Amino acid sequence: MSQALLLHPDRSFAEELIACGGGDLKKCYQCATCSVVCELSNVGAPFPRKEMIWAQWGLKNRLVSDPDVWLCHQCNDCSTRCPRGARPGDVLAAVRQKSVEHHAVPNALARSVNQVKFYPLLLLLVPGVLLAAALVLRGTLERILPLGEPHESAFYADFFPHWLLIGFFSTFTALSFVGLVFGLVRFWRGMAAADRMDGKEPTIGVGASVVRTVKSVLLHDRFAKCTDRVSRRSSHLMAFYGFMALFVVTVWATIDLYLLPMLGVESLYPFNLLHPMKIVANIGGILLVMGCVKAIVDRSKSRESGGSSSFDWTFVWLLLLVGITGFVTEAFRFAVDPVQRTALEYAAYSIYFVHLILVFGLLVYLPYSKFAHIFYRTVAMIYAEHSGRTQGGERVELPAVVEKAS
Amino acid sequence: MSGTGRKGKILVIGGGISGISAAVEAGEAGQEVVLVERNPYVGGRVAQMHQYFPKLCPPSCGLEINLRRFKTSPRIRCLTLSEIQSISGKPGSYRAVIRRNPRFVNDKCTACGACADACPVERPDPYNFGMSSTKAAYLPCAMAYPMQFAIDGTVCTGAECGECVSACAYGAIELDMKPETIEVEVQAVIWATGWDPFDAGKIEGLGYGVHQNVITNMMMERLAAVDGPTGGRIQRPSDQKGIESIAFVQCAGSRDENYLKHCSGVCCLASLKQARYVREQYPDAEVYIFYIDLRTPGRLEDFLVATQEDAKFTLVKGKVAKITEDATGDLEVVAEDVLSGGQLRKKVDLVVLATGLAPANGRAVQIDGDLQTDEHGFFTIEQPMGGMFAVGCAKRPTDVATSVRDATGVVAKALHFCGE
């Protein structure tokens with residue numbers, strides 16, 4: 001098989017990986033200890049040894065279309081066992097960031113969102129200004145359009161009515177999710193093209209792959225295989241299910257608010273504390289905050305479980321702050337007397353406004369931030385099932401590589 | 001040899017191949033030599049070897065030649081079972097305090113072995129890495145010098161037993177022998193403290209000390225040696241079974257910042273050599289060497305090429321990071337075959353860890369001034385204080401031939417400090 005293969009090394013890409021957490025990648029001498037100690041590694045095409053040499057050579061196309069980097073849950077056993085201190089686990093994390101940035105549409109937004117100097121502008125100022133503009137335009141819009149608040153008694157609706165809230169966030173999130181879909185399609189095609197180049201054929205249907213992946217995500221079963229020194233799984237489970245609960249409640253609240261009255265069912269919004277949805281929301285919120293706090297504490301305590309870049313830190317802090325401001329906002333709702341309103345009202349509106357800014361930062365920038373992993377990792381896991389790489393694969397049979405001197 | 005005309009005295013610390021060679025050279029150059037050896041015999045690690053690479057001759061050639069020069073030199077004083085306690089003074093004028101531990105056997109010993117026959121106490125034999133045992137009264141090894149028995153004071157029950165005393169026809173046993181302190185004045189000091197096999201039990205994932213059939217390369221030397229625990233038959237420790245397949249794991253602890261950061265330099269050749277031992281005894285055995293990089297510099301490359309002619313011999317680029325054992329004692333080594341990029345699991349009868357060379361100079365010696373070591377713990381070539389020199393593996397991992405040559409060169413340097 002003397003087939004010529006033209007490589008396109010990109011030295012600047014290697015430098016980028018070094019800059020965002022993969023600082024030790026050049027120390028690797030390809031012993032493949034990492035690929036063996038990893039409990040998640042594939043049999044047919046183990047990682048992360050091959051990714052390390054691709055990173056050293058700056059083979060960007062191979063790395064950004066490599067599903068294997070997303071099969072890693074960064075327990076960093078590879079890094080602690082690495083004889084050279086090349087920290088493969090941290091290199092894979094950097095590759096994942098670069099993969100998100102590479103596929104994101106528009107690309108420039110992803111590159112900016114992940115730069116520390118743009119955080120104040122993009123994460124706070126832009127959503128702040130947009131939300132303020134929405135408030136200013138509120139009166140004008142209400143005159144033009146037949147928009148009414150379905151529930152007079154909803155306290156925050158006086159400040160930021162539900163129609164505005166839903167309209168505003170739906171518009172921006174939809175816009176960014178259009179970009180996300182484009183990115184994911186490019187990602188899938190990239191992975192498929194890379195496998196075709198290697199002469200590998202998919203072995204399992206996409207539908208079956210989706211089923212397996214969803215099951216795996218819900219159980220976090222691959223995560224459980226990680227032999228973490230500091231367990232990331234429990235914090236991830238809490239944050240994941242906490243977020244999912246809040247997502248479900250938000251969807252339900254919208255249905256309750258707009259859809260049920262249309263069907264003639266009486267809306268119970270705003271929910272009281274004993275409403276099942278409110279209970280789910282509060283438990284979800286607590287899980288989310290606990291998960292984030294545990295993740296932050298674990299990461300601060302020990303570099304052993306992996307170096308964290310600003311890409312990671314921004315996300316986990318944003319998520320935590322959304323949770324905390326959410327609870328404060330909720331507390332104000334019960335603290336403020338709906339009839340005899342006081343100065344407390346303005347404090348409540350302020351914190352709610354901050355909460356909305358943070359939610360914007362989290363949701364609208366999702367496809368460009370670490371939050372994108374929720375989609376990229378899922379798509380990569382589906383592709384990995386589809387391509388058959390997680391299903392055993394062909395093991396090398398000895399003697400396969402007898403090196404005879406010529 | 002008439003010497004340089006300048007008369008002095010040199011202290012050599014360590015009686016392995018480097019120390020013996022240095023002592024012989026210094027003695028033949030006309031200097032008085034005091035050689036201090038911790039073990040009850042000289043010969044060090046080389047004495048434990050089955051064969052040298054690349055010529056595959058036994059240590060009796062080479063070591064024995066120098067040992068004969070050593071024994072017959074009138075200027076060498078050899079102190080076995082001895083350790084340096086302190087060295088004070090300055091270049092050209094050092095005073096060394098030596099503690100000589102009791103052998104419990106005096107010079108009347110003829111090595112007849114009657115004491116060992118009578119002795120009721122068994123102990124694991126460190127010379128064979130615990131793969132066999134001796135009595136508490138024992139001959140350290142077949143070619144021991146001095147050719148005398150010794151009694152292991154840590155297990156001997158002492159005078160209340162006394163079986164050996166009545167068995168000895170020569171009055172050679174002195175169970176009340178005490179440690180003594182010897183002081184010597186020397187002009188130069190040569191550190192020939194050599195190396196220790198890296199403790200393979202520290203290496204994560206390879207199961208040494210847990211799986212019985214995972215052994216070290218030094219244990220392999222003893223297994224193959226005719227004076228070894230099996231009379232030279234290479235077999236599995238767990239069930240004495242012969243070898244159908246064997247894996248050598250290179251860089252077991254070496255080139256690894258978690259263990260030994262340095263390349264131990266000799267393990268590639270050592271494993272290639274041991275592969276030949278196995279193939280010689282077992283015409284059908286399969287041999288696998290798992291490596292990161294094969295290091296066979298200079299003419300040693302020829303040895304690699306010649307070994308590769310063997311169709312039963314396979315090289316795999318990829319480090320073994322996991323070894324598991326089944327109920328029968330068979331082992332499975334796991335690696336990534338880097339050249340093809342797939343995971344590889346291989347069942348074998350025996351695994352040899354090519355454990356590296358750790359500097360053996362870490363023992364507490366009080367000295368005036370600094371002894372300089374490099375980042376890996378080996379002595380630097382030139383010590384900052386004149387009159388002190390390191391030789392052989394005390395300085396860097398190296399093979400036997402290089403150590404012997406090094407000894408000659410270092411002695412030439414030490415001679416500058418001898419005489420008036």
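Predicted model: local features only at pLDDT ≥ 70, side-chain atom pairs only at ≥ 80, totals over all residues.
Just after helix α3 of chain A, A:Gly58 takes a positive phi of about 70°. Step back into the helix itself. Helix α3 of chain A spans residues 49-57 and is mostly covered, with seven of its nine residues buried. The buried residues are A:Arg49, A:Lys50, A:Glu51, A:Met52, A:Trp54, A:Ala55 and A:Gln56. What lies over them? The cover includes five helices of chain A: α1 (11-19), α2 (33-37), α4 (60-64), α5 (68-71) and α7 (88-103). It also includes β18 of chain B. The cover of α3(A) therefore draws on both chains, given that a residue counts as buried when 20 or more other C-beta atoms lie within 10 Å of its own.

Now take chain A as a whole. It has 17 helices and zero strands. Of its 406 residues, 40% count as buried. Consider the contacts in chain A with a separation of 6 or more: residues 24 or more positions apart account for 78% of them.

Chain A is assigned two domains, domain 1 (11-100) and domain 2 (107-387). Their C-alpha centres are separated by 29 Å. Across the boundary, 26 residues of domain 1 of chain A are in contact with 28 residues of domain 2 of chain A. On the domain 1 side, α4, α5, α6 (77-81) and α7 of chain A each supply at least two residues. α7(A) gives the most, with seven residues. By class, this side of domain 1 has nine nonpolar, ten polar and seven charged residues.

One leucine of chain A is worth a stop. A:Leu257 is found in helix α13 of chain A, which covers residues 233-262. Is A:Leu257 buried or exposed? A:Leu257 counts as buried because it has 21 C-beta neighbours inside 10 Å, and the cut-off for burial is 20 or more. A:His162 is 95 residues away from A:Leu257 along the chain, yet their C-alpha atoms are separated by 8.9 Å.

Cross to chain B through the interface. The contact takes 29 residues from chain A and 30 residues from chain B. On the chain B side, α8, β16 (313-317), β18 (331-337) and β19 (342-348) each supply at least two residues. β19(B) gives the most, with five residues. The chain B side divides into eleven nonpolar, nine polar and ten charged residues.

Chain B is divided into three domains. Domain 1 is made of 9-101, 179-194 and 360-417. Domain 2 runs over 114-167, and domain 3 over 198-357. The C-alpha centres of domains 1 and 2 of chain B lie 27 Å apart. Twelve residues of domain 1 of chain B are in contact with eight residues of domain 2 of chain B. Helix α3 of chain B (residues 63-72) gives the most to the domain 1 side, with three residues. That side divides into five nonpolar, five polar and two charged residues.

Next, a pair of helices in chain B. Two packed helices are described by the angle between their axes and the distance between the axes. Helix α7 (residues 267-281) and helix α8 (residues 301-308) of chain B have axes that come within 10 Å and cross at roughly 35°. The crossing is left-handed. From α7(B), B:Leu269, B:Leu272, B:Ala275 and B:Arg276 take part. They meet B:Phe303, B:Leu304 and B:Thr307 in α8(B). By class, this contact has five nonpolar, one polar and one charged residues.

Why does B:Asp256 count as buried? It is buried because 23 other C-beta atoms lie within 10 Å, against a cut-off of 20 or more. Leaving aside neighbours within four places in sequence, B:Asp256 is in contact with A:Pro83 and B:Cys251.

The largest nonpolar core has 214 residues. Those with the most contacts inside it are B:Ile190, B:Trp191, B:Val249, B:Phe290 and B:Val351. Beyond its neighbours within four places in sequence, its contacts include B:Ile13, B:Gly14 and B:Asn361. Also among them are B:Phe379, B:Met388, B:Phe389, B:Ala390, B:Val391 and B:Ala394.

Notes
Residues numbered from 1 in each chain as written. Chains lettered and ligands numbered in written order. Axes fitted to C-alpha atoms, helices over the stretch in contact; angles between N-to-C directions. Helix = DSSP H or I, 4+ residues; strand = E, 2+ residues; numbered from the N terminus. Left-handed = near helix turned anticlockwise from the far one by under 90°. Contact = placed C-beta atoms within 7 Å. Nonpolar A, V, L, I, M, F, W, Y, C, P; charged D, E, K, R; others polar. Domains from an automatic or database assignment. Core = buried A, V, L, I, M, F, W, Y, C linked by C-beta atoms within 7 Å. Buried ≥ 20, exposed ≤ 12 C-beta atoms within 10 Å, placed from the backbone.
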